[in-house]
Amino acid sequence: MIDFPSVTAVHMRMPKEAFYKHMTLNKVQKDKFVSDVDRIFMENKLTADNLHLKADCEIKEILLLSIVLKKQELDGRVVEAIAKQNAHNLVFLLIYENKRQLAIYYERLYRTEWMNDEELTLRLKGYSLDEIWNSFVEQIALYNEQVKKTDSLSIDERLEIQAKIKALEKLIAKTETAAWKEQQPKKQFTLYTQLKEYERELEKLKNGGNQHE
């Protein structure tokens with residue numbers, strides 16, 4: 001549940017045309033925007049004034065936009081384009097029927113899993129908009145974080161490790177499949193040796209290793 005202070009509430013419908021007519025999208029993506037997006041609302045506007053926070057920070061406003069979809073999957077490049085071409089820091093709430101998904105752009109687009117409304121949470125954490133934004137990145141981009149020791153790591157370091165973990169997990173799955181299909185014992189042994197090395201590296205990453213490499 002997203003329960004921001006009532007003073008931040010806006011709930012203002014925004015014309016789709018105000019977005020897609022000014023975004024750098026190819027024709028296919030623009031057509032998907034028109035066909036897949038039903039409605040867009042500005043749900044909340046977070047400012048230092050309405051949250052009574054210190055104003056001497058880089059971020060001036062954070063907007064929560066809800067995007068009601070006609071189908072569950074929306075091309076991530078559409079959301080990225082909205083985020084990149086807007087001067088505000090944006091958090092997205094994607095809505096399809098009774099399902100919800102949070103998304104945020106931080107050098108790339110991150111999304112949570114699809115959840116029921118009661119499962120989804122986004123909390124205000126911090127004493128400035130900069131700190132609140134970082135907490136949003138943490139809550140969304142690191143939603144399923146697998147690293148056990150993160151106290152000494154920055155968000156960027158944690159995201160880097162998470163990316164390495166996901167890449168290794170894909171490599172492990174690919175190597176397992178290849179080893180299972182391989183008929184030649186020597187090649188199969190080599191694949192299993194690689195697999196064990198990948199698994200050791202994965203375990204090391206999950207335990208907080210390699211964070212400063």
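Biologist: By class, which residues make up the lining of the largest pocket?

Modeller: The lining has 7 nonpolar, 4 polar and 6 charged residues. Bear in mind that this is a predicted model.

Biologist: How is a pocket found to begin with?

Modeller: The general idea is that a probe the size of a water molecule, rolled over the atoms, shows where empty space is left. In this structure, the largest pocket has a volume of about 220 Å³. Its lining counts 17 residues, and those nearest the centre are Arg111, Ala141, Asn144, Gln162 and Lys166.

Biologist: Which helix gives the most to the lining of the largest pocket?

Modeller: Helix 6 does, with 4 residues. At least two lining residues come from each of strand 6 (109-111), helix 5 (129-141) and helix 6 (155-181).

Biologist: Helix 6 also holds Arg158. Is Arg158 buried or exposed?

Modeller: A residue counts as buried under 20% relative accessible area. Arg158 has 9%, so Arg158 is buried. Leaving aside residues up to four places away in sequence, Arg158 touches Glu138, Leu142, Glu145, Thr150 and Leu153.

Biologist: Now helix 7. Which residues of helix 7 are buried?

Modeller: Leu191, Leu195, Tyr198, Leu202 and Leu205 are buried in helix 7. Viewed down the axis, they fall within an arc of 85°, so they line one face of helix 7. These buried residues pack against helix 6. The face turned away from the buried side carries Pro185, Lys186, Phe189 and Arg200, which are exposed.

Biologist: How many residues does helix 7 have, and what does it reach from its first C-alpha to its last?

Modeller: Helix 7 runs over residues 185-206, has 22 residues and reaches 31 Å, close to the 32 Å expected at 1.5 Å a residue.

Biologist: Where do the buried residues of helix 2 lie around the axis?

Modeller: Gln29, Phe33 and Asp36 are the buried residues to look at in helix 2. The arc they cover around the axis is only 90°, which puts them on the same side of helix 2. Lys27 and Val28, on the other side, are exposed. The buried residues of helix 2 are covered by elements including helix 1, strand 2 (37-47), strand 3 and helix 4.

Biologist: Which residues of helix 4 are buried, and what do they pack against?

Modeller: In helix 4, residues 76-84, the buried ones are Gly76, Val78, Val79, Ala81, Ile82 and Ala83. Their packing partners are helix 1 (17-20), helix 2 (27-36), strand 3 (61-69), strand 4 (89-96), strand 5 (99-105) and strand 6.

Conventions:
Residues are numbered from 1 along each chain as its sequence is written. This is a predicted model: local features need pLDDT of at least 70, side-chain atom pairs count only at pLDDT 80 or more; totals for chains, interfaces and linings use all residues. Side-chain values use heavy atoms; hydrogens and water are left out. On a 1 Å grid over the protein atoms alone, a cavity is a set of points where a 1.4 Å probe fits but cannot get out, and a pocket is an open set with protein on both sides within 12 Å along at least five of seven lines; lining residues have an atom within 4 Å of a point. Grid points are joined across faces, edges and corners, and a volume is the space filled by probe spheres set on the points. Ala, Val, Leu, Ile, Met, Phe, Trp, Tyr, Cys and Pro count as nonpolar, Asp, Glu, Lys and Arg as charged, and the others, Gly among them, as polar. The expected span of a helix is 1.5 Å times one less than its number of residues. Buried means under 20% relative accessible area, exposed over 50%, partly exposed in between (1.4 Å probe, protein chains only). The arc is that of the directions from the helix axis to the C-beta atoms. Contact means heavy atoms within 4.5 Å.
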